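Here's a quick tour for anyone meeting this structure for the first time. Have a look, then read on.

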Amino acid sequence: MAKVITVTSGKGGVGKTTSTANLGTALAMLGKKVVVMDADIGLRNLDVVMGLENRIVYDLVDVIEGNCRLRQALIKDKHQPELFLLPAAQTKDKDAVSEEEMVELVEQLREEFEYVLIDSPAGIESGFKNAIAGADEVIIVTTPEVSAVRDADRIIGLCEAHEKGQPRLIVNRLRPKMVRSGEMMSVEDVLQILAVDLIGIIPEDEDVITATNKGEVLVGDKSSRTGKCYLDIARRITGEEVPIDPIEDNPSLLERISGMFRGGR
Amino acid sequence: MTDRVAIKGARGGVRVVIDDACSWTDAFNDIQHQLTQNAALLNGVKVSFELGGRMLAETDLQALQTIVTQHQVAEFELQTDSRELRQLARSLGVSARPVGLRTETRASDPLGAIVMRNLRNGQVLKHHGDLTLLGDVNGGAEIIATGSVVVFGRVRGTVYAGASGNREAIICAIDLSATQIRIADVRARAPEEQGDKFPEIACIEGDRIVVHEWETYRR
């Protein structure tokens, strides 16, 4: 029985698309048959992040309007043979699709795949509602800062109202040094406000920018800590128990010395 | 007992709820009748007449004033949606407020209520009567209650107690880091600097909201 998971956040720019691309790839690496769907109609990005934008012929609006068959719109990933992308439409906007149509489309995808990951747009209006319409579960991505957490809280309330159950949380772009110096919220601070289960922590990583620009995902890179974090999250999605790496890198020599003078923390 | 006029208890006084649909003449007769019947209850007490959106002529209002004083009601006020009526009332020396809270049930629960949940950003919890919340009020969430509000948790959103005008209402919380609190018609904003967290009680003293540390307040 396929599992449909929507990745959403409320706030824009916190890492939904990056997470969807990485988690889709990771699940395929674990041997699952996966489709990632871009539900951000009008502002599509998932194809770019995966390096597949020049292979798009049909998109999800074409499928819904009956201009093509579902198979024709699915794009096979460059690296993972069991990973497919269903791109969003770029020249339409979010009103092109209704919640019922999304649910129907998801039902079709359930027949072919073990996991359906839906990349949600930012916001709380129809784009978001369409993205969660067909979902069994929701994963919320937030960064450890006040406005993202505030928006995530709103989204969690909406997911509960739409009866999608308790979402699980990814805390993305954590900077352990700033957490130590008190300039950034810690994961505990975030969980204290949001009160949901944590499914993973991802550190701030410049390599994400490089990879995105190349249309690659980090989870394929064995030497990447970020990649490993995403792979662990994919494992947890499949039900495996994997301890969460708290991403506390060691204080630098300078930090330790100034810590001594400040009387330690 | 008629349905046109109902007398209900409220914190600090009594509410006389007048049905929107009946004529003022009928309502007025019933009010007279009720005031006589319940003289003991109303003696020396503050009475609030809830008129909804109804408009009254000056003579009607004066007649109401007369019978109310005759029955030795200590203080009375009008709750009305009509700004015209509020202005008219005030010109006659009668205090008048807008109707603060509209919910489906107008009866207040004398026992208050205990609600066990966290309020998330964007959620609003409205309640007639006193409210105890076992949970947090996150930033962007609101509580609106006609009575007092006790939060056994953290308040980071807004709390509005005494929403229908009751200045006796209080707000307490284990962590009162609210963005804004309001009791009746008085607002307060959280100070810029928030130090250590401890339980606090907020109430109206004079014309302002004063927030006391629980430890010192209870002595």
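## Two strands side by side

In chain A, strand 6 (residues 137–142) runs parallel to strand 7 (residues 168–174), and 4 bridges link the pair. Strands here are DSSP runs of E with at least two residues, helices are runs of H or I with at least four, and both are numbered from the N terminus. Two strands count as paired if DSSP finds at least two bridges between them. Within this pair, V141(A) sits opposite I170(A) of strand 7 of chain A.

One thing to keep in mind is that this is a predicted model, where local features need pLDDT of at least 70, side-chain atom pairs count only at pLDDT 80 or more, and totals for chains, interfaces and linings use all residues. Residues are numbered from 1 along each chain as its sequence is written, while chains are lettered from A and ligands numbered from 1 in the order in which they are written.

## The whole sheet

Zoom out and you'll find 8 strands of chain A in an open, mixed sheet, ordered 3-4-2-5-1-6-7-8. At its edges are strand 3 (75–76) and strand 8 (197–203) of chain A, each with pairing on one side only.

Helix 6 (residues 126–133) of chain A packs on this sheet and touches strand 1 (3–8), strand 5 (115–119) and strand 6 of chain A. Its direction is about 155° from that of strand 1 of chain A. Touching means contact: C-beta atoms, placed from the backbone, within 7 Å. Angles run from 0 to 180 degrees between N-to-C directions, with axes fitted to C-alpha atoms (for helices, over the stretch in contact).

## A helix pair

Also in chain A, helix 7 (residues 146–161) packs against helix 9 (residues 187–194) at about 35°, their axes 10 Å apart. Helix 7 of chain A brings V149(A), A152(A), D153(A) and I156(A) to the contact, and helix 9 of chain A brings V190(A), I193(A) and L194(A). By class, that makes 6 nonpolar, no polar and 1 charged residues. Nonpolar covers Ala, Val, Leu, Ile, Met, Phe, Trp, Tyr, Cys and Pro, charged covers Asp, Glu, Lys and Arg, and the others, Gly among them, are polar.

## Over to chain B

Chain B has 5 helices and 16 strands. It is split into domain 1 (5–97) and domain 2 (113–217), with bounds from an automatic or database domain assignment. The centres of these two domains of chain B, taken over C-alpha atoms, are 30 Å apart.

Where the chains meet, 8 residues of chain B contact 7 residues of chain A. The chain B side has no nonpolar, 7 polar and 1 charged residues.

Notes: Contact = placed C-beta atoms within 7 Å.
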